[in-house]
Amino acid sequence: MHISRFPRLHFAHLPTPIEPLENLSKLLGGPQIYIKRDDCTGLATGGNKTRKLEFLIGEALQKNADTVITQGATQSNHVRQTAAICARIGLRCEIILEHRTGSEDPEYLENGNVLLDRLFGASIKTVPAGTDMDAALEESAEEIQKNGGIPYIIPGGGSNPTGALGYVNCAMELVGQLNDRGLKADHLVTATGSAGTQAGLVSGMEGTRSGIPVLGICVGVEKKAQEEKVFDLVQRTTEFLEISGSVNRDAVVANGDYVGPGYGKPTEGMIEAVQLLAREEGILLDPVYSGKGMAGLIDLVRKGHFSKGENVVFLHTGGSAALFAYRNILAA
Ligand SMILES: *Cc1c(COP(=O)(O)O)cnc(C)c1O
């Protein structure tokens, strides 16, 4: 697939490494687990939004925007990475934070990603849970236009066909790495939220006919709703790439068993996964996404979902900055 025909700004540290998790694999006694380190994309503590932002910011500059507007939950990693790249290239950045979890812990409200958003000089507006965030983005854009500015809206999580190109690119990068070292991957597992990561990966894996199935572990909604959200974006992304029809609905698989009480709300499995990866591998996960994603992977290994001789790659999507916002839960 020829993605260099799309506008893009290169600032991610790529390719990200792929490493074996020897200790975790031994401890669990199941398949060999590898980790693709997209927590190391290099932008302001890294994470998966960096790859999406290369294409989104490329498009914003092509459209001569001077202000980027985006939104997310209070501890959004997407918002933090957007604020960082805007600071670096001199775009104004307006962010709208939804108080989605209802947590009143001052660490949650001001530490972690929020502290970093402020350091990057973004202008921050906070709105209550349940606000129509797309309408809020439109309102901000109109305001900016009225004042003579040129806004560029990035949807929540950077999840539209332009952003998903970042993960089409990641799928191709990963397949190249596996081929180079003669490593056969049987499964790719990742946390799935606003859907751009999984949609891009599935479009890339299927578009290149790699035969590597992608399993998304839900962090917000249940299986069916998540699969529909991902498949809808797969269809729009493959259309954008002019490879419409290349992905069947059954290539989109999500598991909704590890969401717990809701988005951003801790689960025992998440706490165990964060602690286990820290103690066994010296790797930092996060409490909202990669912690729940890894909790799903660990539980599926324990249940015998994967065979012993298989190789499973976990995509680490980043988010460690949010650990500091969950100090009271993780340090207890
Ligand atoms: C946003 C995010 C995800 C989920 O990716 P989507 O493309 O929104 O599905 C996973 N992990 C981390 C750390 C994130 O910030």
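Helix α8 (residues 196–207) lies across strands β7, β8 (214–218), β9 and β10, running at about 170° to β8. Angles here run from 0 to 180 degrees between N-to-C directions, with axes fitted to C-alpha atoms, for helices over the stretch in contact. Contact itself means heavy atoms within 4.5 Å. As for the labels, helices (H or I, at least four residues) and strands (E, at least two) are DSSP runs, numbered from the N terminus.

Keep in mind that this is a predicted model: local features need pLDDT of at least 70, side-chain atom pairs count only at pLDDT 80 or more, and totals for chains, interfaces and linings use all residues. Residues are numbered from 1 along each chain as its sequence is written, and side-chain values use heavy atoms, with hydrogens and water left out.

Now for the sheet. Six strands make up an open sheet with mixed pairing, in the order β1-β2-β10-β7-β8-β9. At the edges sit β1 (18–20) and β9 (253–255), each pairing on one side only. From one strand to the next, the twist averages 30°. Two strands count as paired if DSSP finds at least two bridges between them. Strand β7 (residues 187–192) and β10 pair in the parallel sense over three bridges, and V189 has F314 in β10 as its bridge partner.

Helix α11 also lies across strands: β2 (32–37), β7, β8, β9 and β10, running at about 165° to β10.

What angle do the axes of α10 and α11 cross at? Helix α10 (residues 268–281) and helix α11 (residues 290–302) cross at roughly 90°, and their axes come within 8 Å. That makes α10 roughly perpendicular to α11, a label for angles of 65 to 115 degrees (under 35 is roughly parallel, over 145 roughly antiparallel, and the rest oblique). On the α10 side, the contact includes G269, M270 and E272, and on the α11 side it includes G291, K292 and M294. Sorted by class, this contact has eight nonpolar, two polar and three charged residues. Nonpolar covers Ala, Val, Leu, Ile, Met, Phe, Trp, Tyr, Cys and Pro; charged covers Asp, Glu, Lys and Arg; the others, Gly among them, are polar.

Next come the salt bridges, each a side-chain nitrogen of Lys or Arg within 4 Å of a carboxyl oxygen of Asp or Glu. The count comes to 19. Here are some of them:

| Pair | N to O distance |
|---|---|
| R327 and E107 | 3.0 Å |
| D232 and R236 | 3.2 Å |
| K303 and D299 | 2.8 Å |

R327 lies in helix α12 (residues 327–330) and E107 in helix α4 (residues 106–110), so this pair ties together parts that are 220 residues apart in sequence. D232 and R236, on the other hand, are separated by about one helical turn, because they are four residues apart in helix α9 (residues 223–240). There's also a salt-bridge network linking K36, D38, R51 and E173.

Buried means under 20% relative accessible area, exposed over 50%, and partly exposed in between (1.4 Å probe, protein chains only).Finally, H305 lies in the loop between α11 and β10 (311–316), and its C-alpha atom is 9.2 Å from that of G30, 275 residues apart along the chain.
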